[in-house]
Amino acid sequence: MLTMNNISKVFQTDEVQTHALRDFHLKVNEGDFISVTGPSGSGKTTFLNIAGLLENFTSGTFMLDDIDISKLNDRDRSKTRNEKIGFIFQSFNLIPDLNLYDNVDVPLRYQGLNAKERKKRIVHHLEMVGLGSRMKHLPSQLSGGQQQRVAIARALATNPRFLLADEPTGNLDTQMAKSVMTLLEEINQQGTTIIMVTHDDDLANRATRKIQIKDGRVSELDVVRDNAEVNATEQAIA
Amino acid sequence: MQELGLIFRALLRNKVGALLISLQIALTLTIMVNAIFMMQQRSEQMLRPSGLDEANIFYLSNTVFAQDYNQQVYLEDDLALLRQTDGVVDAIQINAIPMSGGGWSMGLQTEAGEGKDSTGVAVYMVDDHAINTMGLELLAGENFSQTDIEWRASSQNNWPAKTIITKAMALALFPDDWQSALGQTAYINQAEPMQITGIVKSLQAPWNGWSGVERSMLVPYKMETTGGRFMIRTEAGRRDELMPIIEKALSESNKGRIIRRVTTMDDTRERSYRAHNAVNKILTSVIAVLTLITGFGIVGLAMFSINRRTKQIGTRRALGATRGQIISFFMIENLMISSFGVLLGVGGAIGLNIWLVSTFSMAPITPGLIIMGVIVLYLVGQVAVLYPARKAAKISPAIATRTA
Amino acid sequence: MFTYYLRLAWISIIKHWGLSLVMITAIGLGIGASMTTVTVNYLMSANPIPHKSSQLYNVQLDSWDVNEPYNDDGSPPEQLTYGDGTYLMNAKKAFRQNIQAQANAVIEPEGDDALPFMVTARANSADFFTMFDVPFLYGSGWDASSDDNKQQVVVLNNETNQRVFGGENSVGKNIKIGGNYFKVVGVIDYWDPKPRFYDISTGAFNDSEEIFVPFSMIAEEKIGRSGNTNCWKPSGDGFQAFLNSECVWLQFWVELPNAQAKEEYMSFLGAYVEQQKALGRFERPINNRLNNVMEWLEQQQVVADDAIMMMTMSFMFLLVCLLNTVGLLLAKFIGKAPEIGLRQALGASRRTLFAQYIIESACIGIAGGLLGLVFAWLGLQGIASLYGDMLKGLTGLDSTMIVSAIGLAILTSIFAGLYPTWRACNVQPSQQLKSQ
């Protein structure tokens, strides 16, 4: 569903050229759960920004569902983001002025759904992440884990085909991180493709595919499942 | 001193915000300086003395409608009644009231004949009680005597032989030495001679906007008129008490006329300068509100820039900057913004003044006023930025190590 | 989507109420100040007789002193001499013509306890009422024969009719004015043109007169003249000598239905002045003028200098408020960069965001405009109390001004919002999402 070929991204500042990505290749299949690791400054975030259509690339081809992304204008890119992609961020990025209901409502508004349908989806997704009773609360009244759950509800409310997560557990303690991770796995099992950037190897290993970015280039790694860890988590949930 | 260049470079990174403040300061200065200047000019006009004992004088209109009305007899009766009333210092019949806006002007010239230069002067037709009633100060010469007073029929056009003029009028006729005017002959109606027998210190014309407002003359006339006025001077403090008494006494003494518009000189002055007063009050509020808005604008933008730079400020504190240094950073930044604004504003103020001078023939502005405006706006800027700067100084250095 | 944006604007305004308050107050004050001064200017420069102002002409002739122009700019006197006025009147060369002067009189009502009182009066010709579209409650104006026969007739305004006749139809009754009996021929319904264009010699915003009598009553000495009189040449003694003098004290208006009529009248005036020149009058160059109502008001600078100056300053004031709002909106919107980046990530296009923030600006503008109306109303009350009756009738807010105040406020704030919104929409989403 997503193919990147020869993608490179060059930041031009005055006289210095910085290659954030060079000759980047990636093919993502429907239903993948890909974790992306790599040292700081390796180009992880740039990759995610390009994959999420938040940033343009300098050269190469990027096809999303057979659409050539480089040919889209701002409006179509916005539409594509809105309809196909869900985002989850390390710092949650909820709008502090809006309550949970309104936060989840934001992407639905841009999708132009009617009020009834929006309400159905908001309630459904907030309940799904276990926050159905706190819809009128402001983000500042929630814990970090709860905020991230809202962010996930928001990302899923548009029924995106694919979810981009940037260090989704980076600001959470271990316990919360695990439950968020479990949630992501469930989502993936229901058919949503996920690309997740993380620096935590344990989490990375729970993905179905694991890639590493180094100096702007990608390499595919084998997934090493630590079964004991998985069992422990499953027990915890049970 | 702190790193001036550094502050300046930081400022350049937020050019638009700084420019907006500068423009506000510039416009505020432009308006402020010109408005204060306009107010000063009006205040000066309002402070000019009329020459009258204003606090104790009132006047009234005597409108005759009866057909068989013996003007001469009734005028003498009225004057006698007024002058005998307890508490009245003196009273006269007069054709016009200083500052009231309505009156009579003529031209006086020192040489007889058509086409000679003449000087406009306000004409007050009064008898020998005028100086006492109005409370004028006679600087030279003497008052009219009773025998100087002539009767004037309603459309009569010749003039008596004597006149008393103001010092300003004397100076206008004889620019070298006003005292030399005494005893001289001036010509009215181009050729009719009048001898200047007295000079009073000041007596304003009825029109306060006239450039010759200080030029007046007293003419010894009693008028046969259906629309005369009486001016009455009372003992100090008894004016208000006497006004209704006199109105009633006059109304009842003769039913062939209407006594109306019983008015104090204080009211006349208020009315005469009401527009001036109004403009001054409006301009004062404009300046006050404008300064407040500019001040709040500075506060708002400074608060914003501090919020945005919270982490940077915390880092500076962590690296050893004192609170005083943080405060002075913002004060110096504001000083730079103000300087640019003030520079533009001085140009704007002069520009607006040039327009006002050419369109409304106002006087050009004084440099002192501009300097004062500049100082005021620097102060406003510094005061406005003080609160945000102190808030910035309270930012904890610990913020630097916080990530999210 | 529009209601959604409105709701977002509302939330944003409430959340940042301090900043919003400063902006709304600033716009309100700017609008209030501008509207106050604009209203005064607008009412001062209003067209008092819109449907025929272009057909009514004031007549000016330059009969002044050869040695010195009447006005420094060379324009002729605003008024005419009695001789010239009566000649033009008798010539009847215009479609309608009116010779007039200001006067006043004492009315002595019937009845023992009724007190005599003073009224403002106008001495004018029969055509006055038809030319200036004077509305009548009872009766009508007099006809031209009353002018010619010097009949003692009078038209009263409604208030005077109330005062003397208790408001009943007084047409045909007699009234004692200045010791003489006049027959009432008409009672005027409410009529108070602002500016009082037909005679601005004693102030452009005076009330219209309380009674109207034929112009001949002045020469007959049945009524006392008032108003401005200007002379340049000594005249002899007595009233007849005054009438024959070179003093200017009356106004002359003609109604000329079209350009051709105006041209003909102009040449008639030219011929008259030539003829007078032959008799030794009119020594100055020919300087006859016909100005229609609006030209006349413009030329006589009916709008006070003070009013124009204050309007200029209040617009500069508005500009300061505008800059203030631009600055604060900029601060606010840039402060919202993370939210803007997020909205972009969630599918908002630049156009969508632009709409959202422009609507927020407009909401602040509407609030500011409404507040501005309150300030304008207060300002006008203030001006009315400062000036008293000097600006009577010039401090009312009408619907035009209310609509323009709000319109101006919205325009102002949208204009103020443009740059900040543009900046906001150019936020790079990827830079805002990583960390806060």
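Predicted model: local features only at pLDDT ≥ 70, side-chain atom pairs only at ≥ 80, totals over all residues.

Student: How much area is buried between chain C and chain B, and what share do carbon and sulfur atoms give?

Tutor: About 4,200 Å² is buried between chain C and chain B, and carbon and sulfur atoms give 75% of that area. On the side of chain C, the residues C:M309, C:M313 and C:L386 supply 16% of the area that this chain buries against chain B, more than any other three residues.

Student: How many salt bridges does the rule find across the interface of chain C and chain B?

Tutor: The rule finds one across this interface. B:R42 forms a salt bridge with C:D306, and their closest N and O atoms are 2.6 Å apart. Over all chains, a search of the whole structure finds 49 salt bridges.

Student: Which parts of chain A does the pair A:E185 and A:R206 tie together?

Tutor: The side chains of A:E185 and A:R206 meet in a salt bridge, at 2.9 Å from N to O. A:E185 belongs to helix α6 (residues 174-189) of chain A, whereas A:R206 lies in the loop between α7 (201-204) and β9 (209-214) of chain A, so the pair ties together parts 21 residues apart in sequence.

Student: How should I read the packing of helices?

Tutor: In general, two packed helices are described by the angle between their axes and the distance between the axes. In chain A, helix α3 (residues 100-111) and helix α4 (residues 115-128) pack at an angle of about 135°, their axes being 10 Å apart. That angle makes α3(A) oblique to α4(A). The crossing in which α3(A) passes α4(A) is right-handed.

Student: Which residues meet in this contact?

Tutor: Those of α3(A) include A:L100, A:V104 and A:L108, and those of α4(A) include A:I122 and A:L126. By class, the contact of α3(A) with α4(A) has six nonpolar, one polar and five charged residues.

Student: What should I look for in the backbone?

Tutor: Most residues other than glycine have a negative phi, and most peptide bonds are trans. Here, A:D23 has a positive phi near 45°, and this residue is found in strand β2 (residues 16-28) of chain A. In chain C, a cis peptide bond joins C:K194 and C:P195, with omega about -5°. C:P195 lies in the loop between β8 (180-188) and β9 (211-214) of chain C.

Definitions and conventions. Residues numbered from 1 in each chain as written. Chains lettered and ligands numbered in written order. Heavy atoms only, no water. Axes fitted to C-alpha atoms, helices over the stretch in contact; angles between N-to-C directions. Helix = DSSP H or I, 4+ residues; strand = E, 2+ residues; numbered from the N terminus. Parallel < 35°, antiparallel > 145°, perpendicular 65-115°, else oblique. Left-handed = near helix turned anticlockwise from the far one by under 90°. Contact = heavy atoms within 4.5 Å. Nonpolar A, V, L, I, M, F, W, Y, C, P; charged D, E, K, R; others polar. Buried area = accessible area lost by both parts, 1.4 Å probe. Salt bridge = Lys/Arg side-chain N within 4 Å of Asp/Glu carboxyl O.
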